[in-house]
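Here is a briefing on one protein model. Look over the chain first, then read on.

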Amino acid sequence: MALVDSNYEFIFVDVGKNGRMSDGGVIEYTTFYNKLLRGQLNLPERSENVHYLNYVFIGDEGFALNENFLTPYPQRELDHEKRIFNYRLSRARNVVENTFGIIASRFQILRTPINMKPENICYIVLAICSIHIFLRKRSNFYMSASTVDKENIESSTVLDGDWRQNSSELTPLDRYSARNVPSLAKQSRDEYKTYFNTIGKVSWQETMINAGRS
């Protein structure tokens, strides 16, 4: 389980949970999630955002919606504005998929069963994440513009990053079954939906939606 920033760098990594657990189940055992629920992450206040929006983390259907953790709207209830929100969220989440894809492509050991004690495997994975961060910061050759996925706005398509040529598809996530979602979490997501459809919209989002990118 990892958090990734917009520069394809890990900012939090938790290793060692059972691989059969869903992502929603794994995150509940992390210090990050416990501090998120308790409001102990020292996130900026709404008042520090020019549009008075919550500062949030993002995820997909494998996670629970939270006041500071945005997930997509369910497919069964999509209207146009919600499709716009889902597209913008998916576009941002693509950074995470690319980061995992890059390390799986660069460090081939992650693509095979590792025949070692589980506790030692944890150190290997953490070392790989650290090396990735180091190379991302220090090397001009570790990644290039073609390494990661890139949207072609004119053709409404996504150009695959180079890492996809050397890596198998990532394992799909189990969907999180929402139960009793707090009203403040729904409000936070609705506020971002409104923002993406008004003052925060981008010129190409309608074109991408019409091309099925929601």
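How many residues does helix α4 have, and how far does helix α4 reach from its first C-alpha to its last? Helix α4, residues 118-138, has 21 residues and reaches 30 Å between those two atoms. That is close to the 30 Å expected at 1.5 Å a residue, where the expected span is 1.5 Å times one less than the number of residues. This is a predicted model, in which local features need pLDDT of at least 70, side-chain atom pairs count only at pLDDT 80 or more, and totals for chains, interfaces and linings use all residues. Residues are numbered from 1 along each chain as its sequence is written, and side-chain values use heavy atoms, with hydrogens and water left out.

**Helix α4**

- Helices (H or I, at least four residues) and strands (E, at least two) are DSSP runs, numbered from the N terminus.
- C122, V125, I128, C129 and H132 are the buried residues of α4.
- They sit on the same side of α4 because they cover an arc of only 125° around the axis; the arc is that of the directions from the helix axis to the C-beta atoms.
- Buried means under 20% relative accessible area, exposed over 50%, and partly exposed in between (1.4 Å probe, protein chains only).
- Y123, K137 and R138 are exposed on the face of α4 turned away from its buried side.
- The cover over the buried residues of α4 includes β2 (10-13) and α3 (80-106).

**Helix α2**

- In helix α2 (residues 31-38), F32, Y33 and L36 are buried.
- They cover an arc of only 95° around the axis, so they lie on the same side of α2.
- T31 and R38 are exposed on the other side of α2.
- The buried residues of α2 pack against β1 (2-4), β2, α1 (23-27), β3 (57-58) and β4 (69-70).

**Loops**

- Most residues other than glycine have a negative phi.
- Y8 is not a glycine, yet has a positive phi of about 65°.
- Y8 is in the loop between β1 and β2 and counts as buried at 14% relative accessibility.
- Y52 is not a glycine either, and has a positive phi of about 55°.
- Y52 lies in the loop between α2 and β3 and is exposed, with a relative accessible area of 52%.
- N68, in the loop between β3 and β4, is buried with a relative accessible area of 17%.
- Leaving aside neighbours within four places in sequence, N68 is in contact (heavy atoms within 4.5 Å) with L36, L43, N54, Y55, V56 and F57.

**Cavity**

- The structure holds 1 cavity of 30 Å³ or more.
- A cavity is a set of points, on a 1 Å grid over the protein atoms alone, where a 1.4 Å probe fits but cannot get out; lining residues have an atom within 4 Å of a point.
- The largest cavity has a volume of about 40 Å³, the volume being the space filled by probe spheres set on the points, which are joined across faces, edges and corners.
- G24, I27, E28, Y33, F63, A64 and F69 line the largest cavity.
- That lining divides into 5 nonpolar, 1 polar and 1 charged.
- Ala, Val, Leu, Ile, Met, Phe, Trp, Tyr, Cys and Pro count as nonpolar, Asp, Glu, Lys and Arg as charged, and the others, Gly among them, as polar.

**Helix α1**

- D23 lies in helix α1 and counts as partly exposed at 25% relative accessibility.
- D23 and E61 are 38 residues apart along the chain, with their C-alpha atoms separated by 9.5 Å.

Conventions: 1 Å grid on protein atoms, 1.4 Å probe; cavity = no way out; pocket = protein on both sides within 12 Å on 5 of 7 lines; lining within 4 Å.
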